[in-house]
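This report is for a reader who is new to the model shown below. It takes up selected parts of each chain and then the contact between the chains.

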Amino acid sequence: MYDAEISRRNPGLFIFLIDQSRSMIRKMAGGNESKAKEAADAINRQIGELIMRCTKNDGVRDYFYVGVIGYGGEKGKASYLLEGGVVPVSKLADNPIRTEKRMMKVPDGSGGTVDVEYEFGVWFEPVANSDTPMVKALNMAKEAIESWINDHPSSYPPVVINITDGQSTDGDPYPVAQSIMSMETEDGNPLIWNCHLSTENSAPLSFPYSENQLPNDMYARSLFRMSSVLPTKYINYAIETFPEIKDGSRSYVFNAQLEQMIEFIDIGTRGAISSME
Amino acid sequence: MIRLFHYHQPKIGNSESEYEDAFSYDTEKGLFAMADGSSESVFSNEWARSLVETFIQGKYDMKIDDMVETAVGLWRSKLPWDNMRWFVRNKIARGSMSTFLGLEIAGHEFRSVAVGDTCLFIVSSDGLKSFPVKNASEFGNTPKLIWTGNPLLRTRRSIRWANFMEGKISENDILIMATDSLAHWILKNTEHRPWKALMDHADDERDFISDLINSGYMKNDDVTFAIISLK
């Protein structure tokens with residue numbers, strides 16, 4: 001399970017869900033920008049990273065397909081933010097809406113790092129506007145995954161990463177999340193990763209293993225239940241940074257500040273990336 | 001006189017342009033070099049080729065730091081800087097990586113330098129010696145590699161992890177250079193004298209190796225080998 005080789009013939013799927021509700025305008029704990037901006041940056045950076053991984057001398061090989069679904073940009077609505085819906089990485093490489101010059105750290109060859117300029121791709125802009133129709137967004141993800149599994153029955157299981165700061169406003173998202181997590185490819189069930197963003201500097205909790213670790217809050221507990229139990233390979237990735245992680249831990253971070261969100265997305269995407277041929 | 005038989009094929013399913021190993025030689029000078037570019041980095045086929053081409057110029061006398069410095073310049077000059085797409089430029093900032101195996105034969109003596117899991121086997125009446133990997137269990141997915149460094153920074157670096165070996169060979173000995181998948185297969189099957197099968201299948205090497213891969217005896221990877229003798 002979770003060890004299918006990802007190749008051009010047997011590609012992998014990532015679906016990012018991003019909350020575009022009004023409260024995402026508030027500053028992200030641990031960051032300098034709004035939650036909407038930091039979350040959009042993190043997903044755009046991850047798309048850039050996937051393209052980087054798939055770049056060979058002759059171009060970008062389609063080891064991955066990506067969909068980004070925003071919800072709450074318009075009241076009660078969810079929609080794909082990338083043109084074409086679920087798209088292969090080669091198309092993303094060809095069509096960023098723009099690139100920005102930024103700095104990244106690269107090894108200097110002597111055990112340290114130095115900053116070099118690079119092009120940061122942008123495929124969608126941050127939006128913080130309305131409500132939180134998470135059920136609609138998950139239903140769109142479910143449709144995409146059903147169709148994906150139909151076409152790619154032996155693929156690495158699709159990975160859904162949901163970034164939100166609030167409570168669903170269109171009903172209980174648990175049933176649709178459960179139906180996604182109970183689908184399967186020959187290599188396992190799709191994984192749902194939920195990243196709850198914090199505005200205040202409240203203590204983050206990454207990869208909880210029991211609802212009792214969470215505050216007595218319906219919403220926090222609902223997100224816990226709609227997060228996958230971490231497969232062993234992901235526990236192995238996370239244990240260095242989160243030594244308290246154990247069997248039964250969920251792919252969930254509560255009250256994430258910027259640092260936890262970035263670590264969370266990194267660990268959530270690493271399993272599939274490490275399965276590239 | 002040095003006799004050489006060499007062969008390569010790309011990973012099954014890949015085209016020749018996707019092949020990332022490299023082999024170069026100069027039998028007059030007794031120099032042979034093989035490298036296996038890492039598929040995780042971009043233009044690592046050019047990096048592997050730059051390393052082997054630089055080595056067989058014969059100017060470096062096993063001084064691998066100097067050799068690599070020259071090879072980096074050659075690699076950088078081969079990169080298609082004009083019209084480079086933004087994401088390719090991003091990836092180049094992380095440099096290219098490759099294993100390396102250099103061999104020099106002078107008379108009945110040889111010297112070798114290696115970084116990573118591209119191997120040299122010495123088959124003599126004493127049996128088989130392997131260098132630098134000694135046991136089949138040492139093959140993994142993270143071999144030691146020579147890195148170009150960041151081409152935008154041009155910092156000079158020293159090479160860690162280099163292994164050196166020297167010895168004597170006679171007319172009855174055989175030297176084999178091989179990249180990792182074949183080297184692993186050789187080490188797992190030494191008692192069956194696998195180099196003999198490679199030589200026996202000189203006319204249908206592709207079928208022979210493809211069968212080994214398709215039957216699960218060998219990892220599907222680029223395959224490169226050279227068999228060298230003094231006869």
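## A partly exposed arginine

B:Arg193 has 14 C-beta neighbours inside 10 Å, so it counts as partly exposed. A residue is called buried if 20 or more other C-beta atoms lie within 10 Å of its own, exposed if 12 or fewer, and partly exposed in between, with C-beta atoms placed from the backbone. B:Arg193 is not a glycine, yet its phi is positive, at about 50 degrees. It lies in the loop between H4 and helix H5 (194–200) of chain B. Helices (H or I, at least four residues) and strands (E, at least two) are DSSP runs, numbered from the N terminus.

This is a predicted model: local features need pLDDT of at least 70, side-chain atom pairs count only at pLDDT 80 or more, and totals for chains, interfaces and linings use all residues. Residues are numbered from 1 along each chain as its sequence is written, while chains are lettered from A and ligands numbered from 1 in the order in which they are written.

## Two further loop sites in chain B

B:Asp61 also has a positive phi, about 45 degrees, although it is not a glycine. It is found in the loop between helix H1 (44–55) and helix H2 (64–78) of chain B. With 9 other C-beta atoms within 10 Å, B:Asp61 is exposed.

The peptide bond from B:Phe131 to B:Pro132 is cis, and its omega is near -5 degrees. B:Pro132 belongs to the loop between S8 and strand S9 (146–147) of chain B.

## The sheet of chain B and its helix

In chain B, 5 strands form an open sheet in the order S1-S12-S11-S7-S8, with antiparallel pairing. Two strands pair if DSSP finds at least two bridges between them. Strand S1 (3–9) and strand S8 (127–131) of chain B are at the edges with a single partner strand each, so one side of each is left without a neighbour in the sheet. From one strand to the next, the twist averages 15 degrees. Strand S7 (residues 119–124) of chain B pairs with S8(B) in the antiparallel sense over 5 bridges, and B:Phe121 has B:Ser130 in S8(B) as its bridge partner.

Helix H4 (residues 180–188) of chain B has 8 of its 9 residues buried, so it is largely enclosed by the rest of the structure. Among the buried residues of H4(B) are B:Leu182, B:Trp185 and B:Ile186. H4(B) lies across S7, S8, strand S11 (174–178) and strand S12 (223–229) of chain B, and runs at about 135 degrees to S11(B). Axes are lines fitted to C-alpha atoms, for helices over the stretch in contact, and angles run from 0 to 180 degrees between N-to-C directions.

## An enclosed strand in chain A

In strand S9 (residues 159–164) of chain A, 6 of the 6 residues are buried, so the strand is largely enclosed by the rest of the structure. A:Val159, A:Ile161 and A:Ile163 point one way from S9(A), and A:Val160, A:Asn162 and A:Thr164 point the other way.

Strand S1 (residues 12–19) of chain A pairs with S9(A) in the parallel sense over 5 bridges; A:Leu17 stands opposite A:Asn162. S9(A) also pairs with strand S10 (residues 191–197) of chain A, in the parallel sense over 6 bridges, and A:Ile192 in S10(A) is the bridge partner of A:Val160.

## Where the chains touch

The contact takes 17 residues from chain A and 19 residues from chain B. Two residues are in contact if their C-beta atoms, placed from the backbone, lie within 7 Å. On the side of chain A that touches chain B, the largest share, 4 residues, comes from S8(A).
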